[in-house]
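Try each task yourself before you read the solution.

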Amino acid sequence: MAIRVSSTVPGGADVVADIERRSGERVSACYQCGRCTSTCTGAFAFDYPPHRIMRMLQLGQVDEVLNSRTAQICYDCMTCSTRCPMNIDVANVIEHAKMIADERGIEGDEKEIRLFRLAFLKNVRRHGRLHEARLLTWINFRSFRPFNDLSLVPLILRRKKIHIVPPRIKNRQEVHRIFREINGGDK
């Protein structure tokens, strides 16, 4: 197999260094044993299994990683991280690749998943916890389907499954601090 070096993302090595700095993980420590992939619950839906993502980063193929379905739909179950014999937090590496893709505006093919993820994080950052009503409303408007699932609203309200007014949590500033720390600033 030919080794391809990333050509569409300028500074591929810099992106890998950024992922390592943010995640605190050494991508180069992965020796491709494949345990992360063998236990990954989402690998069946990925375009590249976790060990391949690690290898692609080692080779500087960052554009493929940032645009990959894996980086977009990995749901951070952390199974790969707990099984790694080198104690590499593979899920954390993939998560930071996902964050860099978001910062660069790379949507990939999974636009709705990306939309949901960004809306979810924005919602938690704003309210300190998930406010489902606002999340659903925001997603429906952003996906140009404002009346999507509207028929379910009376049932949901009658069962009191969703609060109209966002609930207050204690120490919401702590949640804001965590987001600032993860993102390297308040974005």
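Predicted model: local features only at pLDDT ≥ 70, side-chain atom pairs only at ≥ 80, totals over all residues.

Residues are numbered from 1 along each chain as its sequence is written, and side-chain values use heavy atoms, with hydrogens and water left out.

**Exercise 1. Work out the secondary structure and the overall dimensions.**

Step 1: count the elements, meaning DSSP runs numbered from the N terminus, with helices (H or I) of at least four residues and strands (E) of at least two. You get 11 helices and zero strands.
Step 2: get the extent of the C-alpha trace, which spans about 60 × 35 × 30 Å along its principal axes.

**Exercise 2. Find how much of the chain is buried and how far apart in sequence its contacts reach.**

Step 1: call a residue buried under 20% relative accessible area, exposed over 50%, and partly exposed in between (1.4 Å probe, protein chains only). Of the 187 residues, 42% are buried.
Step 2: take contacts as heavy atoms within 4.5 Å. Look at pairs at least 6 apart in sequence: 64% of those contacts join residues at least 24 apart.

**Exercise 3. Take apart the largest nonpolar core.**

Step 1: collect buried Ala, Val, Leu, Ile, Met, Phe, Trp, Tyr and Cys residues joined through side-chain atoms within 4.5 Å. The largest such set has 29 residues, and Ile19, Met54, Leu57, Leu66, Ile88 and Val90 touch the most other members.
Step 2: ask where they come from. Helices H1 (12-23), H3 (50-58), H4 (62-66) and H7 (90-103) each supply at least two residues of this core, with H7 giving the largest share, seven residues.
Step 3: zoom in on Met54. Skip its neighbours within four places in sequence, and Met54 contacts Val27, Cys30, Gln32, Ile88, Val90 and Val93.

**Exercise 4. Explain what the cysteines are up to.**

Step 1: search for disulfides, that is, pairs of cysteine sulfur atoms within 2.5 Å. The whole structure has zero.
Step 2: check Cys40. Its closest cysteine sulfur, in Cys77, is 6.0 Å away, so that pair is too far apart for a bond. Cys40 has a relative accessible area of 18%, so Cys40 counts as buried.
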